[in-house]
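Good morning, colleagues. Please have the sequence and the structure open before you, as I shall refer to both throughout this presentation.

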Amino acid sequence: MASVALQSIGKSFAGVPVLRDINLDIADGEFLTLVGASGCGKSTLIRIIAGLEPQSTGTVLIGGVPVDHLRPHERQVAMVFQSYALYPHMKVFANIALPLVMSRLTLVERLPFLRLMSRRRRSVMAGINDEVRAVAKQLQIEGLLERRPSQLSGGQRQRVALGRAMVRKPAAFLMDEPLSNLDAKLRVHMRSELAELHARIGTTFVYVTHDQVEAMTMSDRVAMMDNGEILQLGRPSELYARPANIRVAQFIGTPAINLLPAKANAEGFVEMLGHSLPVRAVSAPGSALTIGIRPEALTPTPLSTTRAGFHALSGKLRRSENLGAGHILHVDLIAPAHGSVTCAVAGALEPFVIDGAELALQFASAACHVFDANGERVADNDAHTHAMPAATRVGALG
Amino acid sequence: MTTAATLPYVGQPVRRDRQRMIERIAGIGFAMPAFVLLLLTNVVPLLVLLYLSFTDFKLGELNSHFLGLDNFRKALADPVFRRSLYNTFIYVAIVLPGAVGLGLLIAVLLHRRKRTRSFYEVIYFLPVTSTLIAMATVWQFILHPRLGPVNGVLRAMGFNAIPFLSEPSYVLPTLAAIGIWQLVGFNMVLFLAGLSAIPRDLYEAAEIDGCRSGIDRFITITWPLLGPTTMFVIVTTSITAFKVFDTVAVMTRGGPMGSSEVLLYAIYLEGYQYFHMGYAAALTLIFLAFVLLFSILQTFVLERRVHY
């Protein structure tokens, strides 16, 4: 069990930079998720931690010790691949036992015929046998030990891959999108199993995924990556409630956040669609801003309704999607505004919400996320405080 | 006249049966040309061979007598036949591990190369594409005791010239070496295909699990997953090795003193030099039985250890 630290990690493939100056501190026992769209560099980063790829610049430290010169198996990490990478020609028992066999037996003791000559082998194998069975029991796959990977289902294969990683008792688990190959229902089930496993064994988990739901539900902290950089590092609730960047705001949360153009007006407040909102703008008057409002923060009411303390967007309902537990409304904004927004409503729809109806979507100013022209978060959306300086992107633990 | 509404299935069963009959005839019709060809070129000659082996037919004679199993009895007691069997087995025993092992070695060495891979593939595959009879003549020159470059180099280094093809104990290994030279390229291509089928992340998982050296990787992952390919290569190589003829016919003609007389060459001599067609047919059937037995044996033994 150890902490993992990345210092100034950079990686280029043939001159094309894939990772740019990554600095990351993962505490001992933490579950950290690297999340981002495809191609953002998260898989490359985890492979660098594992030692499968050498980094172009920077250092990797495991347990405070630089490990750049160490081969993957010397780094005390275990990896679970997206395709599980189970050895198809070995039974499940041999798959799980392989890391122990490799580390405890010499080459001669492993060769097909010569190993019959070794007396030490029998006692070592007995020890390995016990350990493998203990891990299999923990993962509830004892009955599968005599099968081959081709005879297992996706979820079972995933558990075998986990078992192979667990049996090494590594300093850190590295998981490269392990749930991506499972169907939706199984994914939900395995998500909670992985989270429980982490709670039980307490080892550091570094988890890579492109699914923001997995990131939000399983992690202690989330590092959102885009184009080789870490955009924001913090608790899942922080990334949801205070996204540091438009890209983070758009990635986290389903349906995606609504983005509307705004500007800073002469009085120093944010002005959107002609209405001044009680949100202070740090930027110079006249500068362009973007307001982000989450669909959950919008409430549909009849067009002429006003509510104290709320502001409203006027629009016409184009269509609604029924999710069972709630609805998603696609609303086209009425002139002078243009564009469309999504609104998420829990429970049944009010009778006035029908296709083509004109609605006022109510929102509180506290629900507005303000971003400047570069996409960076600029203001704390509390009308009564002074605007804070641009929020620090790399949040400290705690 | 009943309407379609009250008896909806009138007329349908008849149409369906006729449809099936047409499909069946069409199917047989499409398969027939290939089947007839197979019959004429493979099965019919085999049946003729079977018939001939029970007679004492001589090429050119007008009448022949039925001998029953005499030809077979004679073959099993014939010292010439026994010797040719022994020579063939020695040849196969050298060529089989040599061609399979070298093919695998070269494939493993070439597998990871990017720029020079095609170059080496072409070089190793050229012997496979060449006509063995023409190449045999070239080899005869290369290995010549006085005129050949091999012996020239040996003499320049201070050794005596080695009579590769005229010394009875050197002849079979020399022919085996030429046989290996001809087969290695083909086996290499097959092994390269087998190696590409092994997923990359298996090696990465093995690396994390502790497979340090190339030997570890080979015995843990590469060799087991090459199982099907290896089985195929072993069976085809042994069949090809059993069928050796060209090099013997061109270079040594069975000599010196019958030390390179292999099965097929012995059969050729019996049938086309001595014209004992009936006897040659019996020998051919014994040869066929050997090859079949060998292949079936290999398939059964290897099938159990191969995983798909």
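How many residues does helix 6 of chain A have, and how far does this helix reach from its first C-alpha to its last? Before I answer, please note that this is a predicted model. Helix 6 of chain A, residues 184–201, has 18 residues. From the first C-alpha to the last, the helix reaches 26 Å, which is close to the 26 Å expected at 1.5 Å a residue.

The buried residues of helix 6 of chain A are A:M190, A:L194 and A:H198. Viewed down the axis of helix 6 of chain A, these buried residues fall within an arc of 80 degrees, so they line one face of the helix. The general rule is that an α-helix has 3.6 residues a turn, so residues three or four places apart point the same way. On the face of helix 6 of chain A turned away from the buried side, one finds the exposed residues A:K185, A:H189, A:S192, A:E196, A:A199 and A:R200.

What do the buried residues of helix 6 of chain A pack against? Their partners in chain A are strand 3 (31–35), helix 5 (154–166), strand 8 (204–209) and helix 7 (212–218). Just after helix 6 of chain A comes A:G202, with a positive phi of about 70 degrees.

I turn now to the sheets of chain A. One is an open sheet of four strands in the order 2-1-4-5, with antiparallel pairing. Strand 2 and strand 5 (65–66) of chain A stand at the edges with a single partner strand each, so one side of each is left without a neighbour in the sheet. Strand 5 of chain A pairs with strand 4, residues 57–62, over two bridges in the antiparallel sense. There, A:I62 stands opposite A:V65. Helix 1 of chain A, residues 42–50, packs on this sheet and touches strand 1, strand 2 and strand 4 of chain A. The direction of helix 1 makes about 120 degrees with that of strand 1 of chain A.

Two residues in this region deserve attention for their backbone angles. A:A14 lies in the loop between strand 1 (4–13) and strand 2 (16–26) of chain A. Although A:A14 is not a glycine, its phi is positive, at about 50 degrees. Is A:A14 buried or exposed? A:A14 counts as exposed, because it has 4 C-beta neighbours inside 10 Å. A:D21, by contrast in location, is in strand 2 of chain A. Phi of A:D21 is also positive, near 45 degrees, in a residue other than glycine. With 14 C-beta neighbours inside 10 Å, A:D21 counts as partly exposed.

A further open sheet of chain A has five strands in the order 15-19-16-17-18, and the pairing is antiparallel. Strand 15 (299–302) and strand 18 (340–346) of chain A are at the edges, each with a single partner strand, so one side of each is left without a neighbour in the sheet. On average, neighbouring strands of this sheet are turned by 50 degrees against each other, direction ignored. Strand 16 (residues 310–322) and strand 19 (residues 358–364) of chain A run antiparallel and are joined by seven bridges. Within that pairing, A:S314 stands opposite A:A360.

Strand 20 of chain A, residues 368–371, is covered on both faces. A:C368 and A:V370 on one side, and A:H369 and A:F371 on the other, are all buried. Strand 20 of chain A runs antiparallel to strand 14 (residues 288–293), and four bridges join the two. A:H369 is the bridge partner of A:G292.

Where in chain A is A:P255 found? A:P255 is in the loop between helix 9 (246–251) and strand 11 (258–264) of chain A. A cis peptide bond joins A:T254 and A:P255, with omega about -5 degrees.

Finally, the contact between the chains. Here, 17 residues of chain B are in contact with 19 residues of chain A. Helix 8 (200–209) and helix 9 (214–225) of chain B each supply at least two residues of the side of chain B that touches chain A. Helix 8 of chain B gives the most to that side, with seven residues. By class, the side of chain B that touches chain A has nine nonpolar, two polar and six charged residues.

Key: Residues are numbered from 1 along each chain as its sequence is written. Chains are lettered from A and ligands numbered from 1 in the order in which they are written. This is a predicted model: local features need pLDDT of at least 70, side-chain atom pairs count only at pLDDT 80 or more; totals for chains, interfaces and linings use all residues. Two strands pair if DSSP finds at least two bridges between them. Axes are lines fitted to C-alpha atoms, for helices over the stretch in contact, and angles run from 0 to 180 degrees between N-to-C directions. A residue is buried if 20 or more other C-beta atoms lie within 10 Å of its own, exposed if 12 or fewer, and partly exposed in between; C-beta atoms are placed from the backbone. Two residues are in contact if their C-beta atoms, placed from the backbone, lie within 7 Å. Ala, Val, Leu, Ile, Met, Phe, Trp, Tyr, Cys and Pro count as nonpolar, Asp, Glu, Lys and Arg as charged, and the others, Gly among them, as polar. The expected span of a helix is 1.5 Å times one less than its number of residues. The arc is that of the directions from the helix axis to the C-beta atoms.
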